[in-house]
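User: Please examine the structure below and take me through its fold, its salt bridges and its aromatic pairs.

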Amino acid sequence: MVGRPGRGLPDCGVSAIEFTSVSPIVPVRDLEIALARYRRLGFDARAYQGPERYGFVDRGSVSIHLTEWADHDPLRTAASVYHYVSDADALYAEWAALDNLDGRLIAPNDRPYGLREFAYIDPDGTAHRVGSPLTR
């Protein structure tokens with residue numbers, strides 16, 4: 001087996017295409033409510049202008065797609081997204097200062113793998129884990 005240099009992976013005939021970004025598709029029960037929630041969290045949010053109940057939320061270089069799904073059950077079909085940010089404590093403070101933020105916000109703590117993390121679980125069950133490198 002011939003491996004790709006420095007990767008330890010077999011050569012599968014895959015070209016050297018560079019991946020440039022990823023956008024998770026997150027299920028929501030009500031698109032308009034979800035878009036409004038993401039706006040409150042500081043994201044630019046817009047609905048797809050077509051026949052599907054679909055939306056886009058962006059903050060900086062982070063992009064998430066939202067899909068309204070009638071059968072979505074936060075206890076069975078929830079998503080998880082990890083956000084790397086420059087300052088987890090500052091973002092936590094920003095989100096904690098929001099009045100009536102539905103869902104559950106879990107305070108930051110230092111993790112053994114070198115990140116300062118917090119979590120926000122929104123009403124659609126999506127777990128947003130947020131981390132920044134420890135500065136110690």
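**Surface, fold and side-chain pairs**

Analyst: The accessible surface of the protein chain is about 8900 Å², and carbon and sulfur atoms account for 53% of that area. These values come from a predicted model.

User: What pattern does the protein chain follow along the sequence?

Analyst: The secondary structure consists of 2 helices and 8 strands. Read along the sequence, these elements give the pattern β-α-β-β-β-β-α-β-β-β.

User: What percentage of the residues in the protein chain is buried?

Analyst: A residue counts as buried when its relative accessible area is under 20%. The protein chain has 136 residues, and the buried part of them amounts to 32%.

User: Among contacts between residues at least 6 apart in sequence, what share joins residues at least 24 apart?

Analyst: A contact requires heavy atoms within 4.5 Å. Among contacts in the protein chain that join residues at least 6 apart in sequence, the share spanning at least 24 is 47%.

User: Is D124 buried or exposed?

Analyst: The two partners can be taken in turn. R29 has 43% relative accessibility and is therefore partly exposed. For D124 the relative accessible area is 4%, and the cut-off is under 20%, so D124 is buried.

User: Which residues are linked with R29 in a network of salt bridges?

Analyst: The salt bridge between R29 and D124 belongs with a network of salt bridges that also includes two further residues. The residues linked with R29 are R37, D122 and D124.

User: Is R76 buried or exposed?

Analyst: R76 and D73 meet through their side chains in a salt bridge of 3.2 Å, N to O. D73 has a relative accessible area of 24% and is partly exposed. R76 has 63% relative accessibility, and the cut-off is over 50%, so R76 is exposed.

User: What is the relative accessible area of R116?

Analyst: R116 and D110 form a salt bridge through their side chains, at 3.0 Å from N to O. D110 is partly exposed at 30%. R116 is also partly exposed, and its relative accessible area is 23%.

User: How are the planes of the rings of Y82 and Y84 arranged: stacked, edge-to-face or tilted?

Analyst: The count of aromatic pairs comes to 6. The ring centres of Y82 and Y84 are 4.7 Å apart and their planes stand at 45°, so the pair is tilted.

User: Which aromatic pair links helix α2 with strand β7?

Analyst: W95 and Y120 pair edge-to-face, with 5.9 Å from centre to centre and 70° between the planes. W95 is in helix α2 (residues 88–96) and Y120 is in strand β7, 25 residues apart. W95 is buried at 3% relative accessibility, and Y120 is buried at 1%. The pair that links these parts is W95 and Y120.

Notes: Residues numbered from 1 in each chain as written. Predicted model: local features only at pLDDT ≥ 70, side-chain atom pairs only at ≥ 80, totals over all residues. Heavy atoms only, no water. Salt bridge = Lys/Arg side-chain N within 4 Å of Asp/Glu carboxyl O. Buried < 20%, exposed > 50% of the residue type's maximum accessible area, 1.4 Å probe, protein only. Helix = DSSP H or I, 4+ residues; strand = E, 2+ residues; numbered from the N terminus. Areas by Shrake-Rupley, 256 points an atom, 1.4 Å probe, with all protein chains shown as cover. Phe/Tyr/Trp six-rings, centres within 6.5 Å; stacked < 30°, edge-to-face > 60°.
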